[in-house]
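Colleague: I would like to learn how to read a few features of a model from its coordinates. Could we take them one at a time?

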Amino acid sequence: MRRLTVHLKAKTTDQADSTLEEPIDNYLDPEVFASEVNLVFKRIPLPLALSAELVGKNTFKSTEAVGVPVVITRDAKGVAHAMMNVCRHRGALLCEGRGEARALTCPYHAWSFGMDGELKGIYGESTFGDFDKSQRGLIQLPVVEKHGVIWVCLTPGLTIDIDSWLGEWGPQLASLKLDECHVFSSRQMPGPNWKATIEGYLEAYHFAATHPNTVFTVNHGNTMVFDGFGPHERLGFALRTIDDVIDNVDEADWDPSHHVGPIFWTFPGFSIAGGWRQRMTVALCLPTTKVDESITEHRIVVRHEINDEVQHELEVMRDWFYDVVYNEDYLTQYGVQKGVGATGGHTQIFGRNEIGVQHLHGTINRLCDEGLAAARAEGDTREYRMPRQA
């Protein structure tokens with residue numbers, strides 16, 4: 001908040017050292033996209049669920065990440081598991097959405113699996129024939145639960161070192177106490193290329209033009225503070241209420257939660273907006289299987305109990321944020337996707353004031369290089385087309 005007040009008085013913002021150009025092909029090339037998926041998305045911990053989404057024992061959540069169907073469970077002992085949401089008989093999807101169950105039963109032939117993924121039951125087993133049931137449990141995925149988030153790696157057999165992945169970002173996430181929150185709602189939101197979509201979360205430069213009657217009425221535009229934590233970042237936007245306290249309230253009496261709009265952003269696309277307030281939006285944007293598509297899980301998360309008295313307020317908040325993000329941000333970014341497709345061979349240019357977006361692209365390039373080195377060390381000889389440099 002102190003840094004924002006300095007910027008507001010000077011009409012400045014946090015800035016990168018220089019502008020950055022990014023080749024448009026990095027938004028369009030299917031081979032570059034495939035490299036990003038295999039070298040980054042399938043090797044890093046992905047925040048596929050909040051602990052608050054699996055409250056109590058024998059609960060589950062199904063999702064899909066870059067084409068991989070995943071089911072996350074909490075077993076009878078309270079332990080989190082992650083498996084491919086694929087029956088080991090004929091490959092049918094086992095479940096959808098969130099719920100409670102003591103077993104996951106396939107809707108095709110009624111094979112059932114324990115919440116730890118072990119094959120438990122075979123319909124008509126006496127007629128099926130003999131085989132080793134221990135080899136037909138659900139395919140396990142690496143999983144770790146920490147800071148109120150369930151992290152999953154999409155490649156079986158890899159190890160999640162969550163402390164190394166988060167680094168100094170870990171205490172930032174821990175400070176939000178997500179494990180004490182409640183999930184009010186969750187919606188799926190389609191979008192264009194994942195980079196074009198995520199970029200909108202990481203700068204305030206577009207507020208005045210894209211959100212003149214919504215976000216810009218409560219936030220100053222083109223004013224932001226930035227802090228990088230390895231691949232992750234924290235952004236602070238200036239709410240307009242800050243104007244009333246800059247020169248009128250002693251700093252010792254400031255309440256940043258009322259005057260700063262923070263974004264806690266975990267790579268590759270996990271955005272927590274609202275910070276220490278009672279109500280937050282938590283979004284996870286991931287690619288689909290196509291270079292020009294993404295899907296965002298958009299959640300409303302609260303720190304208080306959900307009852308009839310607050311139901312309507314939360315519904316209004318849910319609908320407002322969905323409408324703003326989709327109708328203003330994402331529809332604009334669909335236009336970006338179409339625009340870059342019409343101007344192939346050129347570059348995007350990011351200003352010094354778009355430091356969060358610059359940090360994103362630098363991180364993608366670095367992680368692709370690191371992922372390629374790791375894959376080569378593991379004996380992977382596939383050809384990869386890496387993101388191009390301007």
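Modeller: We start with burial, and a residue counts as buried when its relative accessible area is under 20% and as exposed when it is over 50%. Keep in mind that this is a predicted model.

Colleague: Which residues of helix H1 (residues 2-10) are buried?

Modeller: Leu 4, Thr 5, His 7 and Leu 8 are buried in H1. An α-helix has 3.6 residues a turn, so residues three or four places apart point the same way.

Colleague: What do the buried residues of H1 pack against?

Modeller: Their partners are strand S13 (219-229), S14 and strand S15 (260-266). After H1 comes Lys 11, with a positive phi near 55 degrees.

Colleague: Where else is phi positive in a residue that is not a glycine?

Modeller: Lys 177 has a positive phi of about 55 degrees and is not a glycine. Lys 177 sits in the loop between helix H6 (169-175) and strand S12 (182-191). Its relative accessibility is 45%, so Lys 177 counts as partly exposed. Asn 222 also has a positive phi of about 55 degrees, but Asn 222 lies in strand S13. At 33% relative accessibility, Asn 222 is partly exposed.

Colleague: Next, aromatic pairs. How many are there by the ring-centre rule?

Modeller: The rule asks for ring centres within 6.5 Å, and planes over 60 degrees apart make a pair edge-to-face. The count is 13 aromatic pairs. Take Phe 207 and Phe 237: the ring centres are 5.2 Å apart and the planes stand at 75 degrees, so this pair is edge-to-face. The pair links distant parts of the chain, since Phe 207 is in helix H8 (residues 207-210) and Phe 237 is in strand S14 (residues 232-239), 30 residues apart.

Colleague: Is Phe 207 buried or exposed?

Modeller: Phe 207 is buried, with a relative accessible area of 6%. Phe 237 is buried as well, at 6% relative accessibility. A further edge-to-face pair is formed by Trp 265 and Phe 267, with 6.0 Å from centre to centre and 85 degrees between the planes. Trp 265 is buried at 1% relative accessibility, and Phe 267 is buried at 1%.

Colleague: What joins Phe 267 and Pro 268?

Modeller: A cis peptide bond joins them, with omega about 15 degrees. Pro 268 belongs to the loop between S15 and strand S16 (270-273).

Colleague: Which residues do ring pairs link into a cluster?

Modeller: The cluster consists of Trp 169, Phe 229, Phe 264 and Trp 276. Charges over rings are a separate matter. Lys 195 lies over the face of Tyr 27, 5.6 Å from the ring centre.

Colleague: Now the whole chain. What does its radius of gyration say?

Modeller: For 390 residues, a compact globule would have a radius of gyration near 21 Å; the protein chain has 22 Å, so the two agree. The C-alpha atoms fill a box of roughly 80 × 55 × 35 Å along the principal axes. The chain has 12 helices and 19 strands, and buried residues make up 53% of the 390 residues.

Key: Residues numbered from 1 in each chain as written. Predicted model: local features only at pLDDT ≥ 70, side-chain atom pairs only at ≥ 80, totals over all residues. Heavy atoms only, no water. Phe/Tyr/Trp six-rings, centres within 6.5 Å; stacked < 30°, edge-to-face > 60°. Helix = DSSP H or I, 4+ residues; strand = E, 2+ residues; numbered from the N terminus. Buried < 20%, exposed > 50% of the residue type's maximum accessible area, 1.4 Å probe, protein only. Lys NZ or Arg CZ within 6 Å of the ring centre and 35° of its normal. Rg over C-alpha atoms; globule rule 2.2 N^0.38 Å. Contact = heavy atoms within 4.5 Å.
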